[in-house]
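Colleague: I have not looked at this one before. Can you walk me through it?

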Amino acid sequence: MPRTVHIIGGGLAGLAAAVGLAARSIATVVHEATDQAGGRCRSYDDAASGMRIDNGTHILLSGNTAALGFLSHIGAAARVTGSPKACFPFVDLVSKQRWTLDLGVGRLPLWVFDRRRRAPHTRARDYVALARLMWPTPDQPLGQIMSCSGPAYEQVMRPLLLAALNTDPTAASSHLARAVVRESIAQGGAACRPYLAPQGLSGAFVEPAIAYLKNHGGAFRFGHQLRRCVTAADAVTELDFGGDRIAVGPDDAVVLAVPSYAARSIIPQLQAPDEFRAIVNAHFRIAPPPGIGPMLGILNGTAEWIFFFADRISATISGADRFMQHTKDELAKMIWQDVQRVTRVPAEMPPWQVVRERRATFAATPAQNAKRPGVRTAWRNLSLAGDWTDTGLPATIESAVRSGTRAADFVMQS
Ligand SMILES: Cc1cc2nc3c(=O)[nH]c(=O)nc-3n(C[C@H](O)[C@H](O)[C@H](O)COP(=O)(O)OP(=O)(O)OC[C@H]3O[C@@H](n4cnc5c(N)ncnc54)[C@H](O)[C@@H]3O)c2cc1C
């Protein structure tokens, strides 16, 4: 059994690894480069808008069993709110049509056979393309194994897959798309109920995890960026944080739970994803009109999803690299125009903030998917975690939590 496990990176993968170990009474120290935990899933006080905002609205589905299990384990299940039904309202800003994709509550995809529950101008047989996706094939761009056109693709598959993969679905890995479909739509509405964190990501995922770890004797070092691992033979012997060094004893272990680009700078020979996709989020300080929400899909707009919280309206654009040259001001105006059109809130733009995460996720292409390493490294006491490790899922909370739990299991077995 390890004596102390040093976890490098306080994102959800690192926190899940620490929780998995602390639950087995193992001493953990989380070393986080910044002054707050949460990584790409965090809240902060924003002076410009006068709000506490999330770096980006995060959505879980009821089929994300590892992420929801993690929340239960740290006593935070009530910090996320799940919709009772798997209903996704949409509006098309060109045709002005509104509809609700209603996946129901059961395990069977009966919605496909009900005109009122599927997308407009689609037939049951249009959804058969989904079945094609389920056939095992080598990992290829999705566009090479199914037709990526037509109303069922544009109105259902594209918005859902783009949100899950953060990559243009036609170029995305068919294996990752299959994993998403297998764990969501293929399980019926029961696995697709959306969950949001209305009080913020840190309050749901991060603060309860920190409290759990502190209650279990876990320690945290913030502003503690690992620069280098000193190795001898088959083990890491020292962690070099620049200003200070920490010896790794023969019975200690290290879990590296940093983003792939940071992992490659610490272990230069590591093969890992090196292409990324951006996500843009805009937050407007305005209460939504009554009776609206919690979320709305937008077709043919700038925004792709709009979320309605008690004190704000937020919007998300995935695969948003094409917007990285725009100023925040331009983006806020473009997105506000969409919000205004679909909600009829007053035209004047309220206080706002735009968050551009350039390296929000690794690009979910077959080439990048092939670069994902497993938990094991060349050093017996160094394991990997992170949404970019080989979990079989795209870069999501579910992937991060599974990777962290897997690293904890690996440490226990080593
Ligand atoms: C805008 C946005 C929206 C998203 N939306 C969703 C969504 O709706 N649903 C969903 O499931 N997922 C979503 N994701 C993805 C999700 O946030 C990530 O998959 C998850 O948070 C990754 O966790 P992680 O621990 O693997 O990595 P990270 O969160 O990146 O954590 C790594 C941590 O390591 C730290 N670090 C880096 N280098 C060092 C070092 N040398 N030493 C010490 N610490 C270091 C970093 O500061 C960071 O805290 C979204 C991501 C973004 C950016």
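Modeller: What follows goes through the ligand, then some strands, aromatic rings and single residues.

Colleague: What kind of model is this, and how are residues numbered?

Modeller: This is a predicted model, in which local features need pLDDT of at least 70 and side-chain atom pairs count only at pLDDT 80 or more, while totals for chains, interfaces and linings use all residues. Residues are numbered from 1 along each chain as its sequence is written, and side-chain values use heavy atoms, with hydrogens and water left out.

Colleague: Ligand first. How many residues surround the ligand, and which are the closest?

Modeller: The ligand is surrounded by 37 residues, and the closest are E32, R40, H58, I59 and D387. A residue is near a molecule if one of its heavy atoms lies within 4 Å of it.

Colleague: How do those residues divide into nonpolar, polar and charged?

Modeller: The shell has 17 nonpolar, 16 polar and 4 charged residues. Here Ala, Val, Leu, Ile, Met, Phe, Trp, Tyr, Cys and Pro count as nonpolar, Asp, Glu, Lys and Arg as charged, and the others, Gly among them, as polar.

Colleague: What does E32 do with the ligand, atom to atom?

Modeller: A polar side-chain atom of E32 lies 2.6 Å from an oxygen atom of the ligand. Backbone atoms take part too: a polar one of A33 is 3.1 Å from a ligand nitrogen, and a polar one of I397 is 2.9 Å from a ligand oxygen. A polar contact is a pair of N or O atoms within 3.5 Å; within protein, one must be able to donate a hydrogen and the other to accept it, and residues adjacent in sequence count only if both atoms are side-chain atoms.

Colleague: How much of the ligand does the protein bury?

Modeller: The protein buries 92% of the 1,000 Å² that the ligand exposes when taken alone. Those areas come from the Shrake-Rupley method with a 1.4 Å probe.

Colleague: Which elements give two or more residues to that shell?

Modeller: They are α1 (12–22), β2 (27–32), α7 (260–266), β15 (276–284), β19 (352–362) and α10 (397–413). Helices (H or I, at least four residues) and strands (E, at least two) are DSSP runs, numbered from the N terminus.

Colleague: Back to α1. How many of its residues are buried?

Modeller: In α1, 11 of its 11 residues are buried. Buried means under 20% relative accessible area, exposed over 50%, and partly exposed in between, with a 1.4 Å probe and protein chains only.

Colleague: New topic. How do β3 and β4 run, parallel or antiparallel?

Modeller: β3 (residues 43–46) and β4 (residues 51–54) run antiparallel and are joined by 4 bridges. Two strands pair if DSSP finds at least two bridges between them. S43 has D54 in β4 as its bridge partner. The two strands form a hairpin with 4 residues between them, and G50 in the turn has a positive phi of about 70°.

Colleague: And what is the order of the open sheet of 3 strands?

Modeller: The order is β5-β9-β6, with antiparallel pairing. β5 (60–61) and β6 (81–82) are the edge strands, each pairing on one side only. β6 is joined to β9 (residues 194–196) by 2 bridges, and T81 stands opposite L196.

Colleague: How many aromatic pairs are there?

Modeller: The structure holds 7 aromatic pairs. One of them is F88 with W305, edge-to-face at 6.5 Å centre to centre and 70° between the planes. F88 is in β7 (residues 87–92) and W305 in β17 (residues 305–308), 217 residues apart. Rings of Phe, Tyr and Trp (its six-membered ring) pair if their centres lie within 6.5 Å; planes under 30 degrees apart count as stacked, over 60 as edge-to-face and the rest as tilted.

Colleague: Are F88 and W305 buried or exposed?

Modeller: Both F88 and W305 are buried. F90 and W99 form a stacked pair, 5.5 Å centre to centre with 15° between the planes. F88, F90, W99 and W305 form one aromatic cluster.

Colleague: Why does W99 count as buried?

Modeller: W99 counts as buried because its relative accessible area is 9%.

Colleague: Last one, T343. Where is T343, and what does its side chain reach?

Modeller: T343 is in helix α8 (residues 328–343). Its side chain reaches the backbone oxygen of V339 at 2.6 Å, and T343 is buried, with a relative accessible area of 8%.
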